[in-house]
Structure formats: structure tokens, C-alpha cells
Amino acid sequence: AQTVTQSQPEMSVQEAETVTLSCTYDTSESDYYLFWYKQPPSRQMILVIRQEAYKQQNATENRFSVNFQKAAKSFSLKISDSQLGDAAMYFCAYRSAPEYGNKLVFGAGTILRVKS
Amino acid sequence: ETGVTQSPTHLIKTRGQQVTLRCSSQSGHNTVSWYQQALGQGPQFIFQYYREEENGRGNFPPRFSGLQFPNYSSELNVNALELDDSALYLCASSLGTGVGYGYTFGSGTRLTVV
């Protein structure tokens, strides 16, 4: 079964600084997607960034980038120039193929606090 | 384009009762998934519906059931409610079932069982 582990329950960053959130996963599949979602107090899950497992190049979306290490099964999120609006719960998620249940498997989440 | 809409936003039920939660998928999305998120935890997959058929199920008992309608909206039904069913229930829709399709989430229904 696929599992996702986020080892940092909580992280803090100063406004305008950079922070990295960690995520590791376990799977025997070769084709899958990885995601980072943000969940603010409004509760809605918002997609931050996604990575296709067969692509070696790390995904980037504006201030958000990932460090995808497939052999190590590691998928960290780097937030540059942190803003107050980045404060939220962040979830790492793995998308399994249809034959493995066709579902998102989430980690336990990391609370990110941004200090002004 | 409208996003995913869930109703109601909050609900309080008594143990043993039944509850129905509703979800309207994003326009053009034919696949709906339901997740249960207990307080302080990550969401857990309940099941997925694709073109009105169940297309995958997580580790939830049969008292969790669902429906998808021709317009792709969906319902989650939970019978014989237990205290542990208290959680945020999230609905997510996508364009299809392929592994590359992204999900659009609703804001959830907060269910409290007393």
C-alpha cells in the first residue's frame, strides 16, 4: 500500500524568507503523480504544485518549487519569498493509478506559520 | 466556471442517525471522489464515482455509501452514525479517472456526531 509521511508537524518562517517542507512516500508503482495541497482556514484544498514521476525535471510554480528525488522517494516543497498568505496547512499527496484504487493518499500535514 | 459546491457546510447529528451530504461537481467534471478528514489529520479516501458507477473504494465500512447522478453531482450517505464519524467531509471532482487528472476540492461539510 502507498503511504505518505510528513515528518514536520509545524514549521515557521519569517516573511520574505525561504522555507522547505519535507515529504517522503512509499510505493511500488512506477507511474504516479505527487502533489502539494494547501488548506487554509477556509478548509478548501488548493493545489499548489504537482510532479509527474516519469519527469526528471523538478516542477516550479512561481514562488513554489519541488525537489523530487525518485530513488529516495522524497518530494519536498520549497516556498521562496514567503508571504503572510502562505500560512496554512500543507499536505503532500500521492495519486495512485486506477488499478491501485485511483485515489489520493495524503500525509498528515504540516502547519506553516509565517511571521511578519 | 463554478467550482465544487458542498452542502450543508455544518451539520450536527445524533449517534445512530443517518446523514446525507451533497456535492455539485465543477462544470465538465465527470468524476467525483469523497474524503474524510478527521481533526488534525490528512484526508482519507472513501470512494470515487465515475459516470454514476463506483470506481474505487477506501477502507470504509458499507454504512458509507454514495450515489452519482446524471449531471455528475453526488451524495455521500452514512448510516448508523458513530462518534468517530465526526470529521470534515471533502468532495473533489476531476475531468476523468486517469492518474494525471487534477482534483478540484470543495470547502467540505463539517459533521459533528453527538
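This is a predicted model: local features need pLDDT of at least 70, side-chain atom pairs count only at pLDDT 80 or more; totals for chains, interfaces and linings use all residues.

Residues are numbered from 1 along each chain as its sequence is written, chains are lettered from A in the order written, and side-chain values use heavy atoms, with hydrogens and water left out.

**Stop one: the contact.** Select 22 residues in chain A and 28 residues in chain B, taking contact as heavy atoms within 4.5 Å. About 1,900 Å² is buried between chain A and chain B, with 50% from carbon and sulfur atoms; buried area is the accessible area (1.4 Å probe) lost on putting two parts together, summed over both. Now pick A:Arg43, A:Arg95 and A:Asn102: in chain A they lose the most area to chain B, together 33% of what that side buries.

**Stop two: the largest pocket.** Its volume is about 260 Å³, the space filled by probe spheres set on grid points joined across faces, edges and corners. A pocket is an open set of points on a 1 Å grid over the protein atoms alone where a 1.4 Å probe fits, with protein on both sides within 12 Å along at least five of seven lines; lining residues have an atom within 4 Å of a point. Of 14 lining residues, show the closest to the centre: A:Gln39, A:Pro40, A:Met89, B:Gln37 and B:Arg110.

**Stop three: the second largest pocket.** This one has a volume of about 180 Å³. Its lining residues include A:Phe106, B:Phe45 and B:Phe60.
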